Every structure is written in C-alpha cells, then in structure tokens.
Amino acid sequence: MATMGETVLYATACCGDKPQGDGSFVPLSVHYQERFSAAGRTSGSYLKREGRPRDDDVLVARLVDRPLRPMLEKGWCNETQILEWVMSYDGVNQPEPLAITAAGAALLISDIPLTKAVAGVRVGYLPASGFIINPSAAQMAQSSLDLLMAGTYEAVLMIEGFCDWLTEDQMLEAAIASMCQQLTAWAGKVGKPKRTERLLPPKGLKEALTELAAAQLEEAYRAGGGKEERGAAVASIQQAAFAALKGEQHASKWPNLDDITLAQAWKAVESNIMRRLVLKEGVRADGRSVTDIRPISSRAGVLPRTHGSALFTRGETQALCVATLGSDSDAQRIDSIRDAADSSVDEDGAGSSNGAPAAAAAAAAAFERFYLQYFFPPSSVGECGRVGPAGRRELGHGELAQRALAPAVPPQQQFPYVVRVESTITESNGSSSMASVCGGCLAMLDAGVPLTDPVAGIAMGLILEPDGSFVVLSDIQGSEDALGDMDFKSSEGSLGDVDFKVAGSARGVSAFQMDIKVEGITLDIMRQALAQAAAGRAHILQEMQACSPPPARSLSRWAPKVAMLSVPADKLGALIGPGGKTIKGIIAASGATDIVINNSGSIQIVAPNEAVLAKARELITLQLDELPIVAPNEGLLAKARELITLQLDELPVGTILRQRRVDSVSLFGLFVELAPGKSGLVHLSELAAEGSLTEVPHEWKVGSLIDVMFIGTTPDGKTRLSHKGVLLTDAGQPYTWAGPVSNSRDSSSRDGSREARSSSSADGSSSSSRWYNGPGADGEMQQPRTPRREGEGAGSFAGGRGGGRGRGGGRGGGRGRGRFNAE
C-alpha cells in the first residue's frame, strides 16, 4: 500500500517463471484502475462492478510503464505484470505520481531485476508561488502547468506536461532524488534477491555481424531515399549476413543459431551504425541534416460534407483530420472518482476545494467540450492487424494531441460549440501524434473555430555518447525513433537517447513529452534541444500558413447553428415543464435540433439554420415572458405565441385557427396540420355551414389553406376540428358543439356546451388537450358516413354504417354516446 494524505493505492508486481520472446522486448504490462468506492461512489454503468479500465486509467498505466521499462535489466524477458488499484481518494492528493512510485517500489523489493529505484512527482506552477511539488487538486485547478516527472536519484527518466504557453526557460526550472534514496534504503532491508534469467546474443555475434555488414549498411544509409527503398536495401544486406553466419564457416562457433537471436544482434549493429553516421558525419538515414524538417504540404476542405477537414503531410507521415461541431449534449462525459471527491470539503477545509465554485468546476470538469480521437489503422504502416476499439497507443497519442491543442480552443462564452476532432493516420513514418496536432489545428480553422493561436508539434531526438558528445535531431522519423539499445544503461556503456515531442504556438509551449533513456542529460543539453525544437516548430507553423486550399475560417453550411440564452434559474422549471413537456413542445414547434438547459440558467439552442434558431429563441422568450421579443410585425408575434400554445397542449376549446394547411384528404374528411407534427380531423359533418356532405369538395386538396375551429378531443385523445364553426361564427351566428371530448380546463366538457372563441389565435390561457394521431377518426372507421336525414345532429363520430356504434351520435335508433345541439 502506498499512501499520500488519505489517497491510498494498492500495487503488486509479479513475473512468470520462464523467459518469453527473444529478449529484445520486455513483456511488461501495467493495469491501473480507480475504483469508485475509493471516493464513496458506485459506478454509473448498468453493471455496478468495475469492468475494463476507462481511458483515463489506461493513460495513467502508460505513465507508469514508460519510466519503468528501460530500468529493467537488459535481456529480461519473463512476463512481468504490475497491478494497481486506487483504494481511497481524498480529493486533494492526485494518484498519478503515487502510482509511479508505488509500482517502482513493488518492483524494487521483488525478485524482478529493476536496476534502480524509480519515483514520480507532479509539478504545478502558480505565478505567485512558482513551482509546487505534488500540488493539491485545488492548486492544480489554478496552475498553468501540469507536469509529471519520473526518475531515479541520479537522473530524470520521463517528463510529460501540459501548460498554457510557458516558455522553454520556465519549463527547465522544475526537478527528484530523496524519495528514490529512501526507497533504495528500504529495499535493502525488505527486498528479495534479484533473478538472473536473461536472453542475450552470444558473445562475439555482434562483432561478426558488424564485420559482415557494416560497410554495406553505411552505404545504404548514406544513399538516403524513401522508407521503402531504404528498407528493401537493408533487408537484402541482413539476409546475406544471416546466411553467412549460418554457413559452415561459423557453424562450429554458433551451432544452434536461430533467426530470433540474429535479429536481436542485428538491431544493435544497425543502431550503432546509424548513430555513428549522425554523430561523426551529420548524415541521417534519409539524407537530411540534423536540423532539417521533412517536406510539408497541407490541404483544407478536402471532405465536402464535414464541418471542417484537413490533410496534413510531413515526409512519409500523413494525417487526415476532421472537425465536427456540436451542442453541449455532444460533450464527452468523464465518469471518474474525481467528479465528486474533488469538490469535497475537509473538516478543516485545508487543501481542499470548497464551496459552490469548486463544485461547479468539478461538474464542468466531468465533461470535455473539446476532445480529439486518434486512429492508427494497421494499413498506415502497410500491415494487416487488429481493428476495433482504441488501443493504449491510440489513447496515449490522442491525449497528447488533444492537450496540445486545448489551450488554443476558445471558451464557451466566445464559441458555444462542442468541438470534436478525429485524426486518422493514413501513412506513418514517425511522429504521427504531432501530425495530428498540425492537421487538427487546420481542420478546426476550416470548421470556423476561432483558435487563439495556430498550434504545431514536432518530434525531436537526442543522441548522447559516454564522452559527453551529443547531437539533437529535429523531426525524427520511425527508424531514428529507436536509435540505441533503448536501455537506460547496459554492460556495454551508456548507449541511450532522448525522444521528446514538443507542441505549441509562437507564444510558447502547450504540451511536451520526453522519454529519457540515458544518464548525463544536463540542463544545458535540454536547453539546446528545446531551442532547436522551437525553431522547428516555427518552421512548421510557417508551412501551415501556406496551406492550399486554405482553411475556410467560417462555419460550414452543414454545421448546426447555436445560440446561447441566459435566464434566471428559478424560471427553468417553467421552461422545462412536467416531464420535459414544455421544452419538447418548443423543440417540435420550432424545428430545433436540440435545446440544452443547464442548471446554471444557461440555455443552448441548436438548429439546422438561422431561421429555425430565431424561431426557437422567440418561443423560449415567449414562454418565459422574461426577455423582449423582437418581431417585424404583430402577425409574426401572434404566430409565435400560437405555436407555443399549440405545442404545449394549452389551446382553449373554441379557438379559431386561420390559414391551416390541409395535410391529407380522406373519405371522411380533412386532416389539417395545426403545428409541426400536430394535426386534427375536420369531419365531413363539420365542413359546410348548412346541409350535409357525402364527400370532400374538390376545392379542398393537399396544401390548401383552411380556417378551422378547435372543438376538443375525443376520450381517446383524437383532435376534433370544425370549419362549420368558423363559417357560422364569422357570419355572427351562434355555434355550439357538444360531443365526446375531454378537456381538463373545462369542467363542463361532458354535459355543457362550449361557445366558440372568435380570436384568431390562442390568448395565452392554458388548457390540457391531446392531439389526433390515428389514420381515421378513432383508427376504426373504414367508410364515410351515409347522408343524414333532415333534423339529425351533426357531431363528430367514429362509427361505421347506418345505426352503428357511433360515438358522436348515430341515426334513428343508433347507439351514439354523444349529445348534439343541431342548428
């Protein structure tokens, strides 16, 4: 158990009994998971038991893996597994640095051959206080730097950080040692003897390969060329060297030599030659100098129906990026133990997030309004392989690119959209995550996102020899990413390197990631490396300005239109309505895509075009009666108010609705559209002021406009309309209708008659009615009613033939259940 404050983490380290593989790769796996019970919560998923690790858990597991892997003894290839669970979380002390330290401690006291103690710390930066080691959650909320460092008592192994445009000099001021020394002393007391199994190439094999292939390899790398041509040449040289070592001349020295052992030795030989060419001659595999950037080209607007897109190419690495704009409901939900714990209050309040602002910040942190998703299909490197959910590598690269771009994305007050970026790697030869940063920036500009700064990223390499000589490489490619033995220290001496990625704008750095695999890196070396990275980043930004065609820098016509309103929180209940009835009605009436209401009182309206957006805004302000309504005339204002009343099922019986569109014509009447998605039936008996009709007159067609009166609903919720009532009312004649309707606002709906309202729209009073939604009067009628004899009532009905069971009243001895006041 590792403890920091009241944050407790459980860590174990185990290994298999037998070696696996060829010794060139350490089969190390790290499983890290934050249990919801650690913060007194239960998972919000259907299955309350924790399942597979969340994306954030995978990212922490990668942080743990990276500094530990190079510290395992060279040749160790037994399966090794580290398991970690957060058992208690206090909302103050963050578990990531504790996870690195706990894993290093578990390996150190085990029999697994970890060479040195490894510990991790988090570093924040506050302008008033400077750098802070292991800051609290409240301090991190105010920090302009989020940096995680891991290392031994002698050197730093890993740095990963994200910041708001810090300069390179500010980044270099942060530094680990006392924890590692204490862990080493503790391991000396309780640790186990280390295991000695190793898989190493036989002695003399590397030297023999060097003698056979060094000259040809140097010639192949000096020739430069593309990845495929160079790879084919190196493969041919490798095949000839392997055949020679398996021949009779060397059979007695290495009788059981297999391809796995040869490949392990070949990797070391090839790496040494590449390093020597760079250090002594400044020659790189593709013919560039150490500071050259590969050719860059970019195009925006490559996909016609997306909100924004860009194709970014650097050398043989290419990223196709797409930006999609959405509403608050499209934000990425983060279900984490920190949502509740970070806003908790200690008894003394020390070091914790206090009050409503902290709770609001924690709630906001539970959603990401900008997120980037990275896809690395196997076809990007010319291979067949697994395709499915994001793997650990994809999550890590996507997180790095997302954090690099995040400081440039404007806040919600300036740009109300949620922004999602997808980066699909179509070709890869090094630094695809940094290509995603560049392509993602261009895609967002093409989608009209007003970024505060253009952002670019670059991958750098550093080769350091035991004598102190070093070379910094700009824009490394795939083969250069693996220069050296990839070990922190081997029996042959220090042959490692530094691989680091830096992203930012002209103002400063926004993200950086460094994996250091060699002792002896000084501040002066790092300062030179970062300065060279800044120059490379400036060159890339300049090349991005030459994007052709350039980003549109305006909203696509396919993008949704979004507007924000702010209303008093006490008005939200009235706007939402019981069960969301009111807001759903406004969405249907206006045609809006979505209306998102936050508890803070902010309302986000999402619509397909500006007209619908304006309509939804008017309906909301009408409902709230809180903000002034801007309309060109009284007619539009009345129309908006009427739509609200219709959609909220609050139309009083007897209301006249003018100029309604005929939606369909049937044998028994007209279906008339009252509002979007809402229609009712005008029966044959309610079409003419006098007399009776046997069929719908020819002048009434689909699309015709008709004046109708709302005369109520049937008990099963079907809407009844009358054209006859409008004609009589306009002529000054009385019209009453008493049928099988129900209306909760009118207590006399069963026994009394209703008098028509002569207003042309709803007057703002409310009632509760339901809407017709069947194919016939009640879904049963198949034929038109036969003509009435003189003196018969004219009611709405759903009966069949003759004296059937008409609900509105039948003929003669029919069994009708309604009453009529016939004119």
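How many bridges pair strand 21 with strand 22, and in which sense do the two run? The views below take this up in a predicted model, where local features need pLDDT of at least 70, side-chain atom pairs count only at pLDDT 80 or more, and totals for chains, interfaces and linings use all residues. Residues are numbered from 1 along each chain as its sequence is written, and side-chain values use heavy atoms, with hydrogens and water left out.

**View 1. Strand 21 meets strand 22.** Strand 21 (residues 594-597) pairs with strand 22 in the antiparallel sense over four bridges. Strands are DSSP runs of E of at least two residues, and helices are runs of H or I of at least four, numbered from the N terminus; two strands pair if DSSP finds at least two bridges between them. Look for I597 opposite I603. Four residues lie between the strands of this hairpin, where G601 takes a positive phi near 105°.

**View 2. Strand 20 also joins strand 22.** Six bridges link strand 20 (residues 561-566) to strand 22, and the two run antiparallel. Here S566 faces S602.

**View 3. Strand 22 is covered on both faces.** On one side S602, Q604 and V606 are buried, and on the other I603, I605 and A607 are buried too. Buried means under 20% relative accessible area with a 1.4 Å probe, protein chains only.

**View 4. The largest nonpolar core.** This core, a set of buried Ala, Val, Leu, Ile, Met, Phe, Trp, Tyr and Cys residues joined through side-chain atoms within 4.5 Å, has 74 residues. Helix 13 (residues 432-446) gives the most to this core, with nine residues.

How values were computed. Buried < 20%, exposed > 50% of the residue type's maximum accessible area, 1.4 Å probe, protein only.
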